[in-house]
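Please keep the sequence and the model in view while reading.

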Amino acid sequence: MKPTSDTRKPYAGSSRALIIALDVGTTFSGVSYALLEPGEVPKIHGVTRFPGQEHVAGNSKIPSVMYYDKHGRVMAAGAEADNASIISQAEDEEWIKTELFKLRLRPKTMKLKMNGMRLSPLPRHKTSVDVFGDFLAYLFRCTKSFIIDTHANGQTLWHHVEKSIEFVLSHPNGWEGAQQTKMRRAAVYGGLISDTDEGRARIRFVTEGEASLHACVQSGLAADVLSNPSRHGFLVADAGGGTLDISSYAVRGTNPLVIEEVAPPDCIFAGSVFVSRRAREFLEERLKGSKYGTPDSMDHITKRFDETTKRLFRDKKDLQFVPFGSPLDKDLSAGIRGGQLKLDGAEVAEFFEPSVQAAIESIKAQVDASQGMIKSVWLVGGFAASPWLFSQLQERLAPLKITVSRPDSQTSKAVADGALGFYCDHHVSARMSKFMYGVEYLREYDPNDPEHHSRKDRLCELPSGPRLLPDAFDCILARCVKVKESTVFSRKYCTELTNLSTLSVFEVEIWCYRGGDTIPQWILRHAEDYSTLCVVRADLSLLSGSAEPKQGKNGKAYWTIVFSVEIHFGLTEFKARIKWNDNVRDFRVFFLMCAKSIVIRERSSSM
């Protein structure tokens, strides 16, 4: 099968356009872009020249690091922040080094184990969204300079497209709607888009797992799998600095290429940065009492471990060395001789073990969820370059008859390139729901039910008479359901109002349940398994003219409002809306805002 770039369709738009994919990684970041010309096949380019890397030809990644001064101004970023003169100036002027800031955006449900280490403090008067926005702004400026300097008539080209640039932002599989909202706010803060509906619509999102899939397809990796639809599936493991993103797929068609998810994607904190954190914890204990155990020395030794030992480690039977000093550096009691720190291979293997084990467990869970379809694993991402990680996955998955491979091309830029492949080719036609989604409704009280009886202090009575209990959960979309992009999940509800003025601000809260496949009866508001995903808000005041009053139990007038809650899950961005009918025409609205409304499930509903 040919790589996607050979089968990609020509751009059907009527005017030139620019698409930029920004991959902000935990430790390294990159940018790719595509200039779309009417009638021509889109071609993906990488930004391969950044400030501070002019001497390194073709380097497509920069460190996700920034320095701020005391007033919260960005003083250096990316490769420049690694420059010796910048580091010296930062120390003299007490700049604040900000790194691993992406991890601050993580969902509260994803627990982060730092082995006693802490994330670096945020700069003064800056939030995590501000910092993310500052780095997006830096990447955008670098991209602008690169395009203007690289392309013929670059300045004119940029002027022509700059007001309509579309962006694709990649994020870990575990990021959800709240994180996408923060990333969009960061793009506004960084000046990439305006804070308008039109501006916000120029941002698209793709999971790192799906972006990596498109990168594998583009590179021609495992072309035999892609050209031979069967019951066998494959798994893409994007091993990055912070997260390991696991996604499972199967080919459903080859002309055009159609791929479907076959298991809910997974995301775990098992990236390369955690290997470094475990190494540092070990070395701090080893060098305690040594002159090399100072914080500055530990920073340097850990950095050298990252740059050499961690990247090259392949056999736990061999002694390992961390070259960090001059031939005069020596402390035999700590294993230091000739400027090198000696480590046993088995010790280094232990630094990797939790990440390797987490990867194996996640892959096995995907195999089970796909009912054994997975027969091959494609390993991509910066951490994929580790010989030890690669060999351990091969060795431990062999008993399951699962092969592990990795592309020959630069895996570290897979996400940025793949994000553009997602935009241009859109191979994935169906995705699996990761969790359970629904709304709160009022359940009719049954005095013979012990659970109902225990909640009777919360009973409420509607104008029409029935006694009801709040906090009931009604599932609209269950877990592990295959969802095509065009599929809409809808449930019909009704509510009773004694005052039509409340129709102007009508809100329904969408709940997410993460506790498994069994539909819960009740929403446990303070339990970790339950969270508010979003809130749909609509102005239903147009219904006040056609709504007919009814006589309530106590003689007071009330109105019954019937509506539907729709969930669109087949895209990479979750959407929900309220639909209702005013007996004249259909109204459809889509909002993602805040607050809540309690609804009653309509008994006669068959939607």
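## Confidence of the model

The term pLDDT denotes the predictor's confidence in each residue, on a scale from 0 to 100. Across this protein the average pLDDT is 88, and 90% of the residues score at least 70. The model is predicted: local features need pLDDT of at least 70, side-chain atom pairs count only at pLDDT 80 or more, and totals for chains, interfaces and linings use all residues. Residues are numbered from 1 along each chain as its sequence is written, and side-chain values use heavy atoms, with hydrogens and water left out.

For residues 584–598 the pLDDT stays under 50, and the model has 48 contacts there beyond four places in sequence; a contact means heavy atoms within 4.5 Å. Where pLDDT is low, the predicted coordinates should not be read in detail.

## Nonpolar cores

A nonpolar core is a set of buried Ala, Val, Leu, Ile, Met, Phe, Trp, Tyr and Cys residues joined through side-chain atoms within 4.5 Å. Buried means under 20% relative accessible area, exposed over 50%, and partly exposed in between, with a 1.4 Å probe and protein chains only. The largest nonpolar core has 51 residues, of which L18, I20, L22, L136 and F167 touch the most other members. Its largest share, 12 residues, is supplied by helix 3 (residues 128–150). Helices (H or I, at least four residues) and strands (E, at least two) are DSSP runs, numbered from the N terminus.

Leaving aside residues up to four places away in sequence, F167 touches I20, L22, F140, L192, I193, R202, I203 and R204. T143 belongs to helix 3 and is buried, with a relative accessible area of 0%. With the exclusion of residues up to four places away in sequence, T143 touches I20, V31 and V47.

## Cavities

On a 1 Å grid over the protein atoms alone, a cavity is a set of points where a 1.4 Å probe fits but cannot get out, and lining residues have an atom within 4 Å of a point. Grid points are joined across faces, edges and corners, and a volume is the space filled by probe spheres set on the points. The whole structure contains 3 cavities of 30 Å³ or more.

The largest cavity holds about 320 Å³ of space. It is lined by 21 residues, and W175, K434, F569, L571 and T572 are the closest to its centre. Helix 5 (177–189), strand 12 (257–268) and strand 18 (428–432) each give at least two residues to this lining. By class, the lining has 9 nonpolar, 6 polar and 6 charged residues; Ala, Val, Leu, Ile, Met, Phe, Trp, Tyr, Cys and Pro count as nonpolar, Asp, Glu, Lys and Arg as charged, and the others, Gly among them, as polar.

## Backbone features in loops

The peptide bond from N255 to P256 is cis, with omega near 5°. P256 sits in the loop between strand 11 (244–254) and strand 12.

E94, a residue other than glycine, has a positive phi near 60°. E94 lies in the loop between helix 2 (84–93) and strand 7 (96–99) and is exposed, with a relative accessible area of 52%. N153, which is not a glycine, has a positive phi of about 55°. N153 is in the loop between helix 3 and helix 4 (154–161) and counts as exposed at 64% relative accessibility.

Methods: 1 Å grid on protein atoms, 1.4 Å probe; cavity = no way out; pocket = protein on both sides within 12 Å on 5 of 7 lines; lining within 4 Å.
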